[in-house]
Every structure is written in C-alpha cells, then in structure tokens.
There are 2 protein chains.
Amino acid sequence: MRFATRMQTAQRSFIREILKVTADPQIISLAGGLPSPEHFPCAAFVEATRAELGDAGPACLQYSTTEGHPELRAFIAKRYERWGLNFSPDEILITTGSQQGLDLLAKVFLDPGDAVVVERPGYLGAIQTFSLFGVRFTPVELEDDGVDTAALEQVLRAERPKLYYTVPNFQNPSGVTFSQDKRVAVAEIMYSPSGEDTVLIEDNPYGELRFLGQDLPPIRKFMRKPSALLGSFSKIVAPGLRIGWIAADKEVIEQCVTVKQAADLHTSTFAQRVLARFLRDNDLDAHIEKIRKTYGERRQAMVEAIREHFPSQAKATEPEGGMFLWITLPEGCSSLALFDAAIQEKVAFVPGVPFYTDGSGERTLRLNFSNATPERITEGIKRLGRAIGRMLES
Amino acid sequence: MRFATRMQTAQRSFIREILKVTADPQIISLAGGLPSPEHFPCAAFVEATRAELGDAGPACLQYSTTEGHPELRAFIAKRYERWGLNFSPDEILITTGSQQGLDLLAKVFLDPGDAVVVERPGYLGAIQTFSLFGVRFTPVELEDDGVDTAALEQVLRAERPKLYYTVPNFQNPSGVTFSQDKRVAVAEIMYSPSGEDTVLIEDNPYGELRFLGQDLPPIRKFMRKPSALLGSFSKIVAPGLRIGWIAADKEVIEQCVTVKQAADLHTSTFAQRVLARFLRDNDLDAHIEKIRKTYGERRQAMVEAIREHFPSQAKATEPEGGMFLWITLPEGCSSLALFDAAIQEKVAFVPGVPFYTDGSGERTLRLNFSNATPERITEGIKRLGRAIGRMLES
C-alpha cells in the first residue's frame with residue numbers, strides 16, 4: 001500500500017510505548033501523565049446522566065451542532081470573566097479534548113514547510129500533531145520564568161512562523177510557569193512587527209491546578225491582536241470525557257468549525273450534556289480545591305524526597321502547580337541510560353529527548369506526581385536517587 | 001491572519017446551512033439526515049451508566065487506549081462473523097464517529113494531488129473531508145444496481161487513484177444498493193492490475209437498516225487484498241455518542257492509530273464504556289428490528305405518496321433500506337429553483353448539487369424519510385408534488 005508522505009516521519013507517542021514497560025505492578029511509575037482517579041466524580045456523573053436524560057431525553061443522544069452544546073459554551077465563556085476576558089459563547093468551540101484543538105488549528109493554519117515555534121522542551125502531543133503537517137520547528141529556549149523572550153523575538157523576525165505554541169502555566173513537561181513580566185513581554189512581541197505573521201496558541205490544561213503562589217492572568221489578557229486559547233476539562237473533571245475547547249476570535253472559530261465538521265462532525269452530545277449537567281448541579285471550584293490539595297501534597301512529597309535522595313548535581317524544578325517536575329542530570333549523563341537502570345530499581349520516568357524537536361535534551365527527564373500516593377512517591381524517588389547515584393559513580 | 005491554503009476551497013456543509021432555513025416548525029423538513037429519536041434507548045442508557053460506573057468506577061472517566069475499549073472492539077469483530085469475515089479485535093479501531101474514520105484514512109493515505117474515486121452522486125461528508133487534503137476527485141457514475149464497473153475499471157487504470165470510497169448499502173444520498181454481482185465485480189477490479197494502486201474504503205452506516213429484500217455481504221467478503229471498512233453506531237443505537245470504527249488489516253490500523261493519537265488521543269472512554277455496557281445488557285438485534293419497522297413504514301409512505309402526488313416525469317429511487325430516497329427531475333429543471341418554491345409550500349429537501357464533485361446533478365434532490373411520521377411525509381410529498389407541478393407548468 002502507498003501511504004501518504006506524512007506517514008514516513010510520523011511517530012507513535014514514545015510515552016505510550018514506555019507505559020507498556022511499566023505495566024508491572026512492582027514498578028513505581030512516575031512516567032505517566034494521568035490525573036488521580038480518586039477525584040473523578042463517579043457518583044455525580046451517574047446522577048447527572050439520570051437528570052439530563054430525564055429532562056432532555058433523546059436530545060442527549062441525537063446529532064448536535066459542530067460548535068458544541070450551548071450551555072457548555074456559555075459556562076466556559078463565563079469562566080474567562082475571572083480574568084476580565086470577554087469571550088462570547090460564539091467564540092468558544094467545543095473540541096474532542098484539547099488535543100483535537102491542536103489538530104483543528106494545525107489544519108486551519110499550517111501549510112507544509114511553515115515554521116512553528118515550540119518551546120525547548122515542549123509538549124509532546126503538540127509536537128506530534130504539528131509534525132503530521134510537515135512543518136519546520138523553530139524551537140526557543142524555556143527559562144525558569146518562561147520563554148526566552150529575546151530569542152523568541154529573533155526567531156519570529158527571522159523565520160516568520162505561522163504559530164507560536166505555548167503552555168504558560170506548569171508546562172508539560174517542565175513544570176515551568178511564565179512570570180507576569182514574561183506574559184506582558186510575549187504579548188508585546190506578538191504585536192510588534194516581528195510577530196505580525198504569527199498567531200499565538202496559548203494552551204492551558206493545568207492552570208487551575210495551582211497549590212502555591214499567585215494565579216497569573218493568561219497572556220491573552222495583554223494581547224493587542226487575535227490569538228487562540230486551548231482549554232480542557234481533562235485535569236479538572238475527567239480526561240475520559242474527551243472534552244476541551246478553543247477560545248478565539250470569531251474569524252478563527254469559523255475556520256475551525258469548518259474543519260471540525262470534516263473531522264468528527266461534533267463532540268459527543270452525550271458526554272457534553274452530562275458534563276454540562278454535572279457543572280450545573282455541582283460546585284466546580286470546590287471540586288478543583290480537593291484536587292489541588294491532593295496534588296500539592298504529592299508535589300511536596302516529591303520535592304522533599306528529591307532534596308533528600310538525589311545527588312546534589314541533579315537539578316530539579318519545584319513547580320507551583322500542575323502535574324510534572326523536570327530533572328536535569330549533570331553534564332555527560334544520559335536519561336535514556338538511566339531509564340534502564342531505573343527499571344532495574346523498579347521505578348519509571350519519561351526521558352526528556354522526545355520533548356525536544358532537535359534531538360537534544362539527552363540529560364533531562366520528566367517526573368509525574370499526580371498519580372501516586374506520597375508514600376509511593378517517596379519510595380520511587382529514593383529508588384531513582386539510587387540509580388542516579390550509581391550512574392554518577394560509574 | 002494567514003490561513004492554510006486548504007482553507008481557500010474548504011466549504012461548510014451545505015446541508016447544515018439548509019437546516020437553519022428549516023428551523024420554522026411549519027416547514028415539513030425532508031432535508032435532514034437524522035435518525036428517529038423515538039428509538040433512542042434513553043432509559044437503557046441511564047441504567048448502563050449506573051451499572052458501568054458502579055462496576056468499573058473511575059476507569060470510565062480516565063484516559064484510555066487510542067485503539068479503543070477492548071469489549072467494544074471484540075463486539076464489533078464478532079458481529080462481522082455473520083458474514084464469515086474474520087476480524088480480530090486488533091483489527092478494529094474505535095473512532096469518534098465514522099466521520100473521523102474518513103479523516104484518519106485521508107491522513108494515512110492522501111498526499112495533495114492524489115486522485116480519489118467517489119461516486120456520482122457521493123456522500124457529502126466524505127467529499128468534504130477528502131477536499132481538505134487537496135485531492136483530485138475522479139468520480140464514477142452510480143447506476144441503479146451500484147457503481148458503473150466498466151467506468152470504475154477505466155478510471156483506476158488511467159488515474160491510479162489512492163482510494164476508492166463507496167457506500168454499497170442504501171447509499172447517502174441516492175438510496176442505491178450494490179447488487180451481489182457488482183460487489184463481486186468491484187472486488188475483482190480492485191484485485192486486477194488496474195486496481196493495484198488503490199485501496200477500497202467501504203462505508204456502511206445504513207447496512208443494518210434493511211426493511212425489504214435480502215441482506216448482501218460486504219464487498220470485503222470477495223476481496224483478495226487489504227481494504228478498509230467503516231462502521232458506526234449512529235444509525236443503530238444513537239449518533240450523539242459519536243462512536244464508529246475502522247475495520248482493516250493490521251498494517252492500516254497501526255497507521256490510523258498513529259494519526260488518531262495526534263487527532264484526539266482516543267474516543268470518549270465514558271461514551272465507549274456506557275455503549276459497551278448497553279450492548280452487553282440489551283439485545284441489539286431486537287432494538288434494530290424496531291428501527292427497521294418504523295423506517296420501513298415511513299419509506300412506504302414516501303414511496304406511495306410520490307407515486308400519487310409527483311408528476312410522472314420525476315423519477316424516484318425506491319430503496320430497500322436506509323434513510324434516503326433520490327429524485328431526478330425532468331431535463332431542464334433545477335432543484336435549487338425548486339427549493340425556493342418548496343419553502344413557499346412549507347416543505348424542505350436537499351438539492352443534489354453538493355453531492356457531485358463536478359458541479360453537476362442540477363436536477364436531482366435528496367429526501368429523508370427516517371425523521372418524520374408517515375402523516376407528515378405524505379403531507380410533505382403532496383406539497384412538494386405541487387411545487388414540482390407548478391415548476392413544470394411554467
């Protein structure tokens with residue numbers, strides 16, 4: 001069979017392949033990216049299904065509009081008001097997870113050979129999606145307080161990329177959050193002549209999972225031209241629903257609706273309506289507060305265990321929210337080599353290389369803290385510290 | 001903003017635009033393509049949700065594999081055994097509606113400029129999806145008993161298309177079903193040197209909705225090389241779930257999984273598990289039998305009303321299943337002009353032009369019979385007959 005040219009370079013998610021290795025229950029996996037299932041609102045979903053099917057009947061199971069369930073779009077638009085952002089429900093498109101938002105925006109904007117700015121390191125799911133469109137990646141360094149803005153400005157000026165994709169809060173994989181100053185600076189660069197050919201895509205799956213410090217406004221707050229935001233219920237309600245959204249100016253939404261019609265007609269009416277009913281009958285903020293508390297404890301356990309058990313030459317981020325923490329090993333180390341040693345110690349993580357589009361990141365790795373108890377985390381870090389120590393000795 | 005080249009030719013669904021015109025409740029709409037909501041199993045879905053969330057708990061709301069819920073894949077594979085087709089569950093990929101199946105197969109197979117065979121007329125959703133990939137359509141005439149096989153062989157030989165997309169049972173829009181002979185002939189042509197560069201995609205959303213005549217096996221049954229089948233629960237359970245599938249040889253499924261990861265990670269775990277539970281606890285065949293009976297009565301009402309109320313110069317298909325019936329007006333008539341006259345009579349249909357990739361089909365139109373009572377159908381056809389009669393007079 002003759003497959004399309006794009007399939008020659010397409011790669012399966014490295015992480016999904018790793019997760020197969022870690023199926024052994026004796027292995028403490030800090031590799032995945034799963035939200036903690038103990039906070040999934042199972043009973044409330046049974047009740048929401050009963051109530052919504054009772055009230056709306058067959059409409060819950062019928063075809064519906066590509067744009068999405070009106071109640072859900074209104075809920076999302078309203079939630080942006082906390083930041084003083086005025087989106088009308090017409091500027092919200094419900095997507096089949098925010099991963100689909102990436103695919104739709106890629107279809108709307110990207111021709112083969114176009115440049116796309118991603119961060120070093122950057123979100124793997126976005127890298128995979130953009131790759132299928134035959135783009136050139138023009139990566140920009142991620143510093144402790146956000147993107148290197150001088151480098152960003154230079155890349156925009158020199159490469160005229162179509163898109164700049166960023167995750168400004170508790171980024172996956174690094175845990176890095178943009179400072180307020182960097183948010184303002186990015187918005188100004190996008191508005192400057194250097195940025196005039198480039199659309200900002202601001203992805204925010206983890207923003208509501210802050211357990212330390214102050215919430216910061218989206219970059220959009222400072223933008224003086226159109227941009228697109230991606231959002232998701234995966235981390236604040238449940239990922240198995242596959243419900244996310246694009247919030248953007250009407251011109252962008254209209255194009256996204258056209259390509260979504262051809263991609264899957266619309267997102268599951270059933271899942272959308274049950275979610276909307278859950279949100280109507282329950283207090284989302286109180287629910288998120290419980291998740292924050294749990295993840296905060298787990299992050300604390302991981303940070304403390306790293307301080308205690310990792311050799312001092314290994315550098316770790318200490319994120320104020322989200323689900324991930326990022327390790328940089330000393331010069332000359334390889335996290336791929338460490339992976340094998342760690343599996344022998346019965347602990348797993350994700351090596352950093354796949355998060356780089358240029359093949360670098362060899363001595364980095366990602367740790368997840370959302371989906372293990374503090375005890376398991378402490379034990380896992382102890383094992384990993386042992387593996388790192390042995391590697392440094394040899 | 002600089003949108004991608006593909007957006008210059010992208011079109012919104014003409015049908016969705018028409019449906020807005022027909023929101024007026026006084027208008028009898030034979031335009032849509034909705035399954036009848038009276039047969040949606042609402043109460044059974046409440047129960048399936050309760051049972052599945054009770055038994056499987058948070059797993060119903062967690063991320064899951066791109067390939068799909070194992071129980072659902074096994075159910076689908078088993079159902080093909082009725083035709084003596086042996087698919088293993090590994091050869092079934094769950095998709096977010098069969099519309100997504102089209103998008104995934106297009107990504108896997110199509111480069112810009114590739115030729116794709118569709119039928120004249122052909123399914124609009126497929127035409128839209130393939131269009132976004134910059135293909136050349138090489139349409140082949142649909143006759144009363146299926147595709148014109150001589151023309152198909154010639155097009156395959158001359159154009160070396162990547163794909164031949166067909167809907168062999170009760171096609172949307174025409175209602176045409178391939179005879180057994182044509183099925184065998186298509187399989188042989190695909191296997192011949194003329195077809196060796198072309199993959200058959202056999203889409204079957206309506207196959208189970210036969211109310212007259214004999215069920216016929218999929219073309220796959222006669223195929224001597226790989227092909228892909230698309231299926232859907234939209235017409236036999238409920239479209240709002242957005243659950244369909246691709247059944248294909250492992251090599252094709254693997255490529256589809258890679259692009260599905262980037263498209264939406266996986267189809268809603270919640271919708272998949274509730275559906276699987278519904279299928280475990282209910283008799284799908286008994287459920288389909290009820291739908292068949294209702295649609296059969298409605299089709300009969302439409303066929304009889306057409307015989308009584310349409311001028312004899314208008315030709316109508318009399319399908320043995322599915323949801324649609326196809327009208328060809330006499331030479332010189334325009335179904336677009338008729339549409340305006342029909343709206344004045346308070347009845348709506350879909351003009352045929354968008355189902356043709358070459359701008360033809362001007363005197364054709366599609367009628368839907370699944371989503372109106374026999375009384376409304378009879379009255380709608382009477383009104384439409386009046387509008388056609390007046391058009392022929394003038």
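**Figure 1. Arg307(A) and Glu318(A), a salt bridge in chain A.** Glu318(A) is partly exposed, with 38% of its relative accessible area. This legend, like the others here, describes a predicted model. The partner of Glu318(A) is Arg307(A), and their side chains meet in a salt bridge of 2.8 Å, N to O. Arg307(A) counts as exposed, because its relative accessibility is 55%, and exposed means over 50%. Follow the chain and you will see that this pair links distant parts of it, eleven residues apart. Arg307(A) belongs to helix H10 (residues 284-309) of chain A, while Glu318(A) is in the loop between strand S12 (315-316) and strand S13 (324-328) of chain A.

**Figure 2. Glu52(A) and Arg273(A), a buried salt bridge between two helices.** Here the closest N and O atoms of Glu52(A) and Arg273(A) are 2.9 Å apart, and the two residues form a salt bridge. Glu52(A) lies in helix H2 (residues 42-56) and Arg273(A) in helix H9 (residues 269-281), both of chain A, so the pair ties together parts that are 221 residues apart in sequence. Are these two residues buried or exposed? Both Glu52(A) and Arg273(A) are buried. It is worth looking around the pair too: salt bridges with shared partners join Glu52(A) and Arg273(A) into one network with Asp55(A), Glu71(A), Arg277(A), Arg280(A) and Asp281(A). For context, a search of the whole structure finds 75 salt bridges over all chains.

**Figure 3. Asp264(A) and Lys260(A), a salt bridge within one helix.** Asp264(A) forms a salt bridge with Lys260(A), with 2.9 Å between the closest N and O atoms. Both residues sit in helix H8 (residues 250-264) of chain A, and because they are four residues apart there, about one helical turn separates them. Asp264(A) and Lys260(A) are both buried.

**Figure 4. Where chain B meets chain A.** In this view, 79 residues of chain B are in contact with 79 residues of chain A. About 6,900 Å² of area is buried between the two chains, and carbon and sulfur atoms give 61% of that. How many salt bridges are there between chain B and chain A? The count is two. In one of the salt bridges, Asp103(B) pairs with Lys107(A), and the closest N and O atoms are 2.9 Å apart. Polar contacts across the interface of chain B and chain A come to 40 residue pairs, both residues at pLDDT 80 or more. On the side of chain B that touches chain A, the elements giving two or more residues are helix H2 (42-56), helix H4 (97-109), helix H5 (124-131), helix H8 (250-264) and helix H9 (269-281) of chain B. H8(B) supplies the largest share of that side, eleven residues. Sorted by class, the side of chain B that touches chain A holds 38 nonpolar, 24 polar and 17 charged residues.

Figure 5. Look for Lys107(B) in helix H4 of chain B. Lys107(B) is buried, because its relative accessible area is 3%, and buried means under 20%.

**Figure 6. Val237(A) in the largest nonpolar core.** Which members of the 158-residue core touch the most other members? They are Val237(A), Leu367(A) and Leu367(B). Not counting residues up to four places away in sequence, Val237(A) touches Phe40(A), Pro41(A), Phe45(A), Leu275(A), Phe278(A), Leu279(A), Leu284(A) and His287(A). A second, separate core has 66 residues, including Leu132(A), Val259(A), Ala263(A) and Phe109(B).

**Figure 7. Thr138(A), a buried loop residue.** Thr138(A) is found in the loop between strand S5 (136-137) and strand S6 (140-143) of chain A. Is this threonine buried or exposed? With a relative accessibility of 8%, Thr138(A) counts as buried. Apart from residues up to four places away in sequence, Thr138(A) touches Ala115(A), Val116(A), Val117(A), Val118(A), Val155(A), Glu159(A) and Pro161(A).

**Figure 8. Ala286(B) and Ile343(B), a pair compared in sequence and in space.** Ala286(B) is in helix H10 (residues 284-309) of chain B and counts as partly exposed, at 37% relative accessibility. Between Ala286(B) and Ile343(B) there are 38 Å in space, C-alpha to C-alpha, and the two are 57 residues apart in sequence.

Note on methods: Residues are numbered from 1 along each chain as its sequence is written. Chains are lettered from A and ligands numbered from 1 in the order in which they are written. This is a predicted model: local features need pLDDT of at least 70, side-chain atom pairs count only at pLDDT 80 or more; totals for chains, interfaces and linings use all residues. Side-chain values use heavy atoms; hydrogens and water are left out. A nonpolar core is a set of buried Ala, Val, Leu, Ile, Met, Phe, Trp, Tyr and Cys residues joined through side-chain atoms within 4.5 Å. Buried means under 20% relative accessible area, exposed over 50%, partly exposed in between (1.4 Å probe, protein chains only). Contact means heavy atoms within 4.5 Å. Buried area is the accessible area (1.4 Å probe) that two parts lose on being put together, summed over both. A salt bridge is a side-chain nitrogen of Lys or Arg within 4 Å of a carboxyl oxygen of Asp or Glu. A polar contact is a pair of N or O atoms within 3.5 Å; within protein, one must be able to donate a hydrogen and the other to accept it, and residues adjacent in sequence count only if both atoms are side-chain atoms. Ala, Val, Leu, Ile, Met, Phe, Trp, Tyr, Cys and Pro count as nonpolar, Asp, Glu, Lys and Arg as charged, and the others, Gly among them, as polar.
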